[in-house]
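Colleague: Let us go through this model together. I will ask what stands behind each label.

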Amino acid sequence: MSSNAGMDSVQFKVNGSEYSIGGNVSSTTTLLEFLRRYLELRGTKYMCLEGGCGACIISVIKSPGSPPEAVNSCMVSVPSCHGWEVTTIEKVGNRLDGYHPLQRTLAETNGTQCGYCSPGFVMSMYNLLKNKRKTMIEIEQQLSSNICRCTGYRTILEAFKKFASDAPEPNKIMDIEDITLCNKTSEIFLKNNIKGNAWCFVSEDSLGEINIQIDLKDNRKWFRVNSVEDIFNILRKEGSDSYMLVAGNTGKGVRPIVEYPRILIDVTAICDLKGFYFDQNMVVGAGTTLTELIDIFADASDIEYFGYLKVINEHIQLVANVAIRNQGTIAGNLMIKHMYRDFSSDIFLLLQAVGAQLTIRSADGVTKTVTMEKFLNENMRGKIILNVLMPPLNTAYKLVTYKVSAKSRNAHAIVNAAFLYKLNVDDNKVLKSRIVFGGLSSNFSRATKTEKFIIGKMLFNNNTLQQTINILSDELVVTDLPPEPSVQYRKQLAIGLFYKGLLYLSPQNILHSRYKSGKIKLHQTRPVSTASQSFPTDPNIWPLNEPIPKVEALHQCAGEAKYVDDHPSLPREVFATFVLTTIARGNIDIIDATEALNFPGVIAFYTAKDIPGVNSFTPPEDQDSITNEEILCDGEVFYYNQPLGIIVAESYDIANRARLLVKVKYSNVRQPKIDIRNVKNDPSQVSLFSCINATHKGNDVVKVIKDDQTIFGQYHFCLENLSCVSWPTEEGIKVIPTSHYLAAAQRMSARCLNIDQSRVDMEVHRVGGSFGLKLSRQNLITTACSIATYKLNRPCRFLMPLRIQTRAIGKRMPSSTNYEIGVNSEGVIQYLNYDIYDDNGYIVNELLIRITEGNYYNCYDKARWNFRCFNAISDTPSNTWFRSPGTLEAISAAETIMERIAYELDLDPLTVRLNNLDKEFGDLIEMTNTLINDSNYIERKKAKDKFNSENRWNKRGLRFALMRWNSTFPYILNITLSVYSGDGSVAITHGGVELGQGINTKAIQVCAYFLKIPVSKIKVKASNTMANPNNSCTVASLASQNVALGVTRCCKELLERLEPLRTDMGNPTWEQLIARAYELGINLQANGLATFDDVYKNNNVFGAILAEVEIDVLTGESEILRVDLLEDVGRSINPLIDIGQIEGAFVQGLGYMTSEELVYNYSTGELLTDRSWNYYVPQATDIPQDFRIYFREKSYSYDAILGTKSTSEPPLCLSVVVPFAMREAIASARLESGIPSNKWFNIDRPYTVEKICLSCETKIEDFKFY
């Protein structure tokens, strides 16, 4: 970085140090890359690279005197940072200078698991504290900037709400400075006095700045300008054929930018595009950010004729998230809409609804004012939006707006709507109206025919309503917009929102009480979340069974915990990525990489023929897989986006740009088979794995039920993407992968390179979440990275972009069940024919179906169950491990069968479950009774029934589910424990991998318990294949169990060795004992091995759960009101960690059951929901409003494993209760439409807003006021 400022560079500060950049960066160089790769500040993380996950959030002061703001560093082009003061997690708090209260509080509250998201959360909250103090509800809402896949959010929210202005016991960090307001200048604000003050969006210091021009490394030109005229001067000189005006650059989160235009003009310093003033209208600069706009509107809404801005502000706060709103501008949002008409822009919708206009200037200096509709048809080449004109509207105008998304926050609108009515105050007749929609089609946004029809009519009249809806229904233009929901749903939703708007505006004396719920925006009713945890702990055996935070937690919260891509840059390092097929089935004839290899910065391209050894990343002799899977496609293509080659380049961006330049010619292309519901009926696609026959059959059959049910795939969405760093060594190659199966990674890397396994060294300290993704699928990346290093003899960094990862890598198995049930009048199964088809993807390799086979009956009497399980193959990537694989599919099927029986016979579903319970699992009777009492079930059931009887448009459901979870299979793990003679400190290395499950913390607690030394004296080192070779994978909670077992054996071996000396010395301290032992030559290292014989059968994990939900019948939106979850965890080594595992697993299952939907193009096989923009995992305001966890009292398993049971996987299976509760709510709505409540309706999960809404089968004629 140059130290000289000038016209060809930009200057900014990072953590107080000044930097200058110029032609040494490219158009694709983001602030994130600059921080991590140039400055080696790798505490700032990343995942989606599109502003959706929050892992990359930092703090920025954009100009002197302005407040700190949260910014997604992945979205910011580094030349945009001129004049910025950037603060990263490293500066907020660290081990040298001390940790920030936010970091300490998050760690102490157990707010981290894998820890990869923790720096981003800390930075989000850090920025909130640096601004106006927030209430608890505001904190929960504004943390929607960030995703956590591990914790379930409860602990994070609990930690940060301690800093809220209304916290019961506010944290002492209260003296965060208020926003410093700059003095107004007429040049900036043009018009004065909104509450006597205003915000300096552009500092006075910057007004006299000279323009900047940088010739970027990739032959783009970057300009930073200070006036509108500067823009046009540049375009006159450079041409307007390829240019982009850059402000927040957040548009690439909506539509990814593959390649930037030739000319890039930074407009953030232009005063004329900022701020606001009043003439007849309110004039707002088009370069105003959405956060600034919210602040402006908040003040302006108190001015006469602009009260409607309060409504607009409420809506804008649902746009994207805080960090995006801090960067994104009005004009930027509108230009995305201009370029992509199908974009459901909330900003465009709101402006169109109130009749706002835009001022547009062209190069010749001519300005014109256009309506929002005309703007879409305006040729904007060489033009710029100067400002927005917000019209004055008196109190006769009524505005109501809606946004329905796949989840409560941080998601784009499926359909949004805004309705403006001018009503006669005497009779509520319509004088004017504007009815506007988004998300329906590219060429329809305003229902002008409907607007005309209602003029002069009394709006709140049932007959008028029905007539209007018929006209609106005919007028709406709704087209397919994959992967958005169906035309049917979006049309019904649009009509439903129109009706909701009228209910909201209707005078209360007209509206029937049962219809009042229809005017509610369900997510806005959400209160501050609450939670409780009830667990036993015995201080007599602490630190065993002691609820302590994870030992790594504080380092994670400070960004000091290192993950794979946090390994510093290496000399001569290269970057690699995959080239993917663009067909699903067919053959590769020709691969032409000429253009890619000629692209500047590209070093090499490899295909299957370049692999020195075996073209496979899975060991066929392994207990967890049975065959080879190709690293690179060797001719026959098995699924869309299958890796066919490896591009190696000088940078990450060059590699990912060049991969698109490889040309491939295919033959024998055919349509893929994707859907398990169809695949299971094709004999060529399925094979019988196992058949278990019933031992007897009942003869009291009063009803026969026959149907099927399907659950689909789920993407792991761990925050740390698959990645690997490797480099040549004297012995061979060193590899650091994001893996929790190092033995297989080592074995397959050696095989693909055709070298001895001993020449490959694997090491991993921790993994940023996996949930099964990084068990075997990581080996695909690890082997590819090893190939590049081996062939080039250079360090290689292989980083999987999110969209490649979602497309090319397998997921949770879809599973489809056929069943035929004969039952008696009490719902007891007399016979059951039950088939499960598990979709393996294109190949049967990892036999997860074995787990299904062992759990097919859940906790029920299987004597009358005929069960068959089939392996199915589809033209998709090979599906793989995902938290509770096989078990979830089985429990889901069994629980659905119980629900079906209850519906058909109109019986209580809990009674049906208990009537069919296997007597061997009587523990569940006790647990169910406990939960009934603890949850106040009887009273809540009455309250639910009362609510449903009193409300037509919101319905509630309250349901139980039961679980018996068991996962045992042969396992091997070795542990080495070393004691250091100088001070008696202890180091442990084990064959497991820390994924966030607290395996290291539990190992330390066990060690401290047996050795009777402080926890602080023990450290766990990174896992590696030298100290811990030939280990099983870290999976199914078995690693934690076996590490504890191995540590126990190490401690006992060491203590036995030391016991004679201890006796001789009397009562020495630990340090004295160890020092003397060393002097006597006693071995201070012990090894413990958990072997294949250490299998603890019948170590069942039991669970019972009760969930209460509320749905909006008109939109399909839902809220989880309360969850009571009781799990039998044995005697927990660490209740605090296990509570977190339970909450995180349940919320992950909640996402699977409600919002995480994989959408494919069934003609091509392409996955369409491949990123944070369209794949929806739960966030902070999607978790249960009231979340209660209970551990079963007096539970214990086996002495050898210290009484523990698995905790991290089973709770995910209990999430099946949520769709059951939703189903009950839907059934109540259907009853209102005349459909009997015992008439079954099939919903293949997930229960998305679309499926909930359409399943209610609402009749338009039921839309009424009275």
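**Labels and cut-offs**

Colleague: What makes H4 a helix, and what is its span?
Modeller: Helices are DSSP runs (H or I, at least four residues), and strands are E runs of at least two, both numbered from the N terminus. H4 covers residues 118-130 and has 13 residues. From first C-alpha to last, H4 reaches 18 Å, close to the 18 Å expected at 1.5 Å a residue. The expected span is 1.5 Å times one less than the number of residues.

Modeller: This is a predicted model, where local features need pLDDT of at least 70, side-chain atom pairs count only at pLDDT 80 or more, and totals for chains, interfaces and linings use all residues. Residues are numbered from 1 along each chain as its sequence is written, and side-chain values use heavy atoms, with hydrogens and water left out.

Colleague: Why is H4 called largely enclosed?
Modeller: Buried means under 20% relative accessible area, exposed over 50%, partly exposed in between (1.4 Å probe, protein chains only). In H4, 13 of the 13 residues are buried, so the rest of the structure largely encloses this helix.

Colleague: What makes Tyr834 and Trp865 an edge-to-face pair?
Modeller: Rings of Phe, Tyr and Trp (its six-membered ring) pair if their centres lie within 6.5 Å; planes under 30 degrees apart are stacked, over 60 edge-to-face, the rest tilted. Tyr834 and Trp865 sit 5.7 Å centre to centre, with 75° between the planes. Therefore the pair meets both cut-offs.

Colleague: Which parts does that pair tie together?
Modeller: Tyr834 lies in strand E33 (residues 829-839) and Trp865 in strand E34 (residues 865-872), so the pair ties parts 31 residues apart in sequence.

Colleague: Are Tyr834 and Trp865 buried or exposed?
Modeller: Tyr834 has a relative accessible area of 0%, and Trp865 has 1%. Both are buried.

Colleague: How do you know that Tyr903 and Trp1240 are edge-to-face?
Modeller: Their centres are 5.4 Å apart and their planes 80°. Tyr903 lies in helix H27 (residues 887-905) and Trp1240 in the loop between H36 (1217-1232) and H37 (1249-1255), so the pair ties together parts 337 residues apart in sequence. Tyr903 counts as buried at 6% relative accessibility; Trp1240 is buried at 13%.

Colleague: Why does Arg255 count as lying over the face of Tyr340?
Modeller: A charge sits over a ring if NZ of Lys or CZ of Arg is within 6 Å of the ring centre and within 35 degrees of the ring normal. Arg255 is at 4.7 Å from the ring centre of Tyr340. Lys697 lies over the face of Tyr831, at 4.6 Å from the ring centre.
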